[in-house]
Amino acid sequence: MSKFSLIASFLFITAIGQAQTDKNDIIINAGVSSGYGYPSSLYRENSGIPAINLSGDYSLNRLISVGVYTAYTYSFYKFQYPTMPETEYKDVWKGWDVGIKSTFHASPLILENEDWDLYIAAFFGYANHSLIFDRKHVDNGHISYHVGEINAGSMLGFRYYLSRNIALYAEAGVSRKFFAGGGLSFNINSNE
């Protein structure tokens with residue numbers, strides 16, 4: 001596909017209709033974040049991915065939606081002694097979060113522009129994370145651990161609709177620690 005066709009397609013998509021959230025809309029969010037309050041526990045890291053998020057919301061009406069979320073994260077710190085390559089080690093932090101959330105959409109009350117969706121959400125779920133110290137020598141003084149805990153928090157976010165069915169979103173919140181992220185939203189049950 002040529003660059004011109006790609007740009008023309010993008011402009012056409014952004015020109016299609018209004019974007020308010022209506023009753024029975026189903027919004028799928030896919031993006032990345034610093035986790036749902038569980039950022040990496042590695043002291044240092046040299047590779048990894050931010051938490052990959054996937055969530056879904058079902059609109060009960062224009063102001064309230066309910067949904068589910070999940071997140072996965074993986075990062076590691078790998079070190080090799082220059083004089084002893086066989087002494088390489090790799091510490092790994094990985095885990096997932098899953099839960100439910102409820103969202104209050106404030107935009108219909110404060111904004112006339114239907115391309116914007118400002119929201120406040122509360123979530124409750126379960127987090128399962130582990131830190132594995134993988135040093136080759138036994139006398140390392142580090143202890144690997146596994147965490148499985150209830151995770152609860154809240155977030156503030158906004159969504160900007162490029163079209164009735166596609167939007168960009170960004171959100172930030174607090175659980176055990178501050179987190180932030182963003183990505184794409186897709187309205188798969190639009191009334192239009």
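## A buried arginine

The side chains of Arg-159 and Ser-185 are joined by a polar contact of 3.0 Å; a polar contact is a pair of N or O atoms within 3.5 Å, where within protein one must be able to donate a hydrogen and the other to accept it, and residues adjacent in sequence count only if both atoms are side-chain atoms. The Arg-159 side chain makes a polar contact with that of Asp-117 as well, at 2.8 Å.

Arg-159 belongs to strand 6 (strands are DSSP runs of E, at least two residues, and helices runs of H or I, at least four, numbered from the N terminus). Its relative accessible area is 2%, so Arg-159 is buried (under 20%, with exposed over 50% and partly exposed in between; 1.4 Å probe, protein chains only).

## Sources and confidence

The model is predicted: local features need pLDDT of at least 70 and side-chain atom pairs count only at pLDDT 80 or more, while totals for chains, interfaces and linings use all residues. Residues are numbered from 1 along each chain as its sequence is written, and side-chain values use heavy atoms, leaving out hydrogens and water.

Mean pLDDT (the predictor's confidence in each residue, from 0 to 100) is 81 for the protein chain, and 77% of its residues reach 70 or more. Where pLDDT is low, predicted coordinates should not be read in detail.

## An exposed isoleucine

Ile-110 lies in helix 2. With a relative accessible area of 59%, Ile-110 is exposed.
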